[in-house]
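Dear colleague,

I am handing over the structure below, together with notes on what was found in it. Please read the notes with the model open beside them.

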Amino acid sequence: MIAWLERNSWISWIITIALGILIFYFSTLTFPSGSGSGSNINSIFYHIIIFFLFAFFLTNSLVKGGNKNFIILAIIASIVYGISDEIHQLYVPGRSSTIFDIFLDSIGILSASVIYLLLLEYRNGHSK
């Protein structure tokens, strides 16, 4: 499936942009005071999973199975987007910005990058 996405990288770009919009939208949601938008288990999973997906599709869009140097660019761009998301939340009533959320985003981002690299290595090792 990754090879298909690499050949049709425009689909990966659309998914990446859609995920970016979704992340921004969820960051605009307000919570009643005391409802806890903080670090509950759902929030932890959300941060890791959504940024895993964002970084995975961004990496696929940039690398396309070729130049692995673009993985660094995808990691940096994803982390910068995660930081900008936290800054954005500073201006949303009922929301807060935490370093812990950036840490969780980074776990998802780095996991996606490692898995993408491993999939490339596996595929390249078996195509010889």
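A residue is called buried here when its relative accessible area is under 20%, exposed when it is over 50%, and partly exposed in between, with a 1.4 Å probe and only the protein chains taken into account. By that rule phenylalanine 56, at 11% relative accessibility, counts as buried, while phenylalanine 52, with a relative accessible area of 23%, is partly exposed.

Two points on provenance come before the rest. This is a predicted model, in which local features need pLDDT of at least 70 and side-chain atom pairs count only at pLDDT 80 or more, whereas totals for chains, interfaces and linings use all residues. Residues are numbered from 1 along each chain as its sequence is written, and side-chain values use heavy atoms, with hydrogens and water left out.

Overall picture

The protein has five helices and zero strands, where helices (H or I, at least four residues) and strands (E, at least two) are DSSP runs numbered from the N terminus. Read from the N terminus on, the elements run α-α-α-α-α, and the C-alpha trace spans about 60 × 25 × 20 Å along its principal axes. Of the 128 residues in the protein, buried ones make up 38%. If contact is taken to mean heavy atoms within 4.5 Å, then residues 24 or more positions apart account for 78% of the contacts with a separation of 6 or more.

The protein exposes about 7400 Å², of which carbon and sulfur atoms supply 74%; these accessible areas come from the Shrake-Rupley method with a 1.4 Å probe, and for residues only the protein chains shown count as cover. There are 6 positive and 6 negative side chains, and the centres of the two sets lie 16 Å apart. In that count Lys and Arg are positive and Asp and Glu negative, with His and the chain ends not counted, and the place of a charge is taken as NZ of Lys, CZ of Arg, CG of Asp or CD of Glu.

Aromatic pairs

A pair of aromatic rings is described by the distance of the centres and the angle of the planes. Rings of Phe, Tyr and Trp (its six-membered ring) pair if their centres lie within 6.5 Å, and planes under 30 degrees apart count as stacked, over 60 as edge-to-face and the rest as tilted. A search of the whole structure finds nine aromatic pairs. In one of them, the ring centres of phenylalanine 52 and phenylalanine 56 are 6.1 Å apart and the planes are at 10°, so the pair is stacked. Both residues lie in helix α3, four residues apart, which is about one turn of the helix.

Phenylalanine 56 also forms an edge-to-face pair with tyrosine 116, at 5.8 Å centre to centre and 75° between the planes. This pair links distant parts of the chain, with phenylalanine 56 in helix α3 and tyrosine 116 in helix α5 (residues 99-126), 60 residues apart. Ring pairs link Phe52, Phe56, Phe57 and Tyr116 into a cluster. Not counting residues up to four places away in sequence, phenylalanine 52 touches Gly108, Ile109, Ser111, Ala112 and Ile115.

Some individual positions

Helix α5 holds isoleucine 99, which is exposed with a relative accessible area of 68% and lies 35 Å from alanine 3, C-alpha to C-alpha, at 96 residues apart in sequence. Glutamate 121, also found in helix α5, is partly exposed at 44% relative accessibility, and between glutamate 121 and glycine 65, 56 residues apart in sequence, the C-alpha to C-alpha distance is 9.9 Å. Isoleucine 72 in helix α4 is exposed, with a relative accessible area of 53%, and its C-alpha atom is separated by 28 Å from that of asparagine 42, 30 residues apart along the chain.
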